[in-house]
Amino acid sequence: MKGMGGRLCACLLLLLPGMVLATPMTQAPAMTQAEVRELLSAEPAQRARFEQEKQVAGLAQPLKSSGELLLVRGQGLWWHQQQPFELALSLTAQRMSQQVGQGSVQVIDNPQLLEFSSMMLALFGSDEQALARYFALDFHSTEQGWTLVLTPLAAPLNKVFASLTLSGGKQLDRLVIADRQGDETRIHFSDWQKVALPLSAEEQAHFAP
């Protein structure tokens, strides 16, 4: 769809499910934290699309990017930005690496960034025990959806992040990251899909040492 008419139609399509859920006949009960954790960790391997906006203090317009991700439990997270330029970030329990465009893969050997990598794996893997090492957890749920606010407990994360907020319904829909500089990053996730195991050779290469 293009133009204002297309955007209006898209907005109406997004609103319709919420209007249906608002009727007593079809309201689902609020989910518990355990149910959300089980929902997010049900599949051993998943892929999704993401759209990201970062609002930087002093800039009138947010910085936008989009791409895809691959999350494999026990292996790691592959974050593939496709727009406005190609950048791939691979996070595993042992290392963090990045590749810009078709350039060479660069291993990031920095203790603070490796700590960030472990945090991201716990976040996307819905590892509550691991998350509790990094954050104070504040969970809320209604018939319309759930929200989990994470407040960093110690350095180095509490020096960088003010809070991370996850929200969704039957899947993770949104992640909002507020940092200590007053900037905010909003990430919308869509099109979550189960990935068949074993991974293809191309998929497995994303996590190669």
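**In what order do the 11 strands of the open sheet lie?** The order is 6-5-4-3-2-1-11-10-9-8-7, and the pairing is antiparallel. Strands are DSSP runs of E with at least two residues, helices are DSSP runs of H or I with at least four residues, and both are numbered from the N terminus. Two strands pair if DSSP finds at least two bridges between them. Strand 6 (106-107) and strand 7 (135-142) are the edge strands, each pairing on one side only. As background, strands of a sheet pair through backbone hydrogen bonds, either parallel or antiparallel.

The model shown in every view is predicted; local features need pLDDT of at least 70, side-chain atom pairs count only at pLDDT 80 or more, and totals for chains, interfaces and linings use all residues. Residues are numbered from 1 along each chain as its sequence is written, and side-chain values use heavy atoms, with hydrogens and water left out.

**View 1. Strand 10 with its partners, strand 9 and strand 11.** Strand 10 covers residues 172-179, and six of its eight residues are buried, so the strand is largely enclosed by the rest of the structure. Buried means under 20% relative accessible area, exposed means over 50%, and partly exposed lies in between (1.4 Å probe, protein chains only). Strand 9 (residues 161-168) runs antiparallel to strand 10, and seven bridges join the two. With strand 11 (residues 184-194), strand 10 pairs over five bridges, also in the antiparallel sense. Another pair to find is Ala178, which stands opposite Glu184 in strand 11.

**View 2. The two hairpins that include strand 10.** In the hairpin of strand 10 and strand 11, four residues lie between the strands. Gly182 is in that turn and has a positive phi of about 90°.

**View 3. Salt bridges around Glu53.** A salt bridge is a side-chain nitrogen of Lys or Arg within 4 Å of a carboxyl oxygen of Asp or Glu. The structure holds five of them. Glu53 forms one with Lys64, where the closest N and O atoms are 3.7 Å apart. Glu53 is in strand 1 and Lys64 in strand 2, 11 residues apart, and the pair links distant parts of the chain. Glu53 also meets Arg186 in a salt bridge (3.3 Å, N to O). Arg186 lies in strand 11 and Glu53 in strand 1, so this pair ties together parts that are 133 residues apart in sequence. Salt bridges link Glu53, Lys64, Glu184 and Arg186 in a network. Glu53 has 27% relative accessibility and so counts as partly exposed, whereas Lys64, at 55%, counts as exposed.

**View 4. The salt bridge between Arg47 and Glu68.** The two side chains meet at 3.9 Å, N to O. Arg47 belongs to strand 1 (residues 45-55) and Glu68 to strand 2 (residues 63-72), so the pair ties together parts that are 21 residues apart in sequence. Arg47 counts as partly exposed because its relative accessibility is 23%.

**View 5. Helix 3 lying across strands of the sheet.** Helix 3 covers residues 111-124. The expected span of a helix is 1.5 Å times one less than its number of residues. For the 14 residues of helix 3 this gives 20 Å, and the end C-alpha atoms are 20 Å apart, which agrees. The strands that helix 3 lies across include strand 2, strand 10 and strand 11. Ser117, Met119, Met120, Ala122, Leu123 and Phe124 of helix 3 are buried. Ser126, with a positive phi near 55°, follows the helix.

**View 6. Phe124 in the largest nonpolar core.** A nonpolar core is a set of buried Ala, Val, Leu, Ile, Met, Phe, Trp, Tyr and Cys residues joined through side-chain atoms within 4.5 Å. The largest has 37 residues, of which Phe124 and Phe189 touch the most other members. Helix 3 gives the most to this core, with five residues. Leaving aside neighbours within four places in sequence, Phe124 is in contact (heavy atoms within 4.5 Å) with Leu69, Leu71, Leu77, Trp79, Leu172, Leu175 and Phe189. Another core, of eight residues, lies apart from the largest one; Ala45, Ala88, Leu199 and Phe207 are among its members.

Technical notes: Axes are lines fitted to C-alpha atoms, for helices over the stretch in contact, and angles run from 0 to 180 degrees between N-to-C directions.
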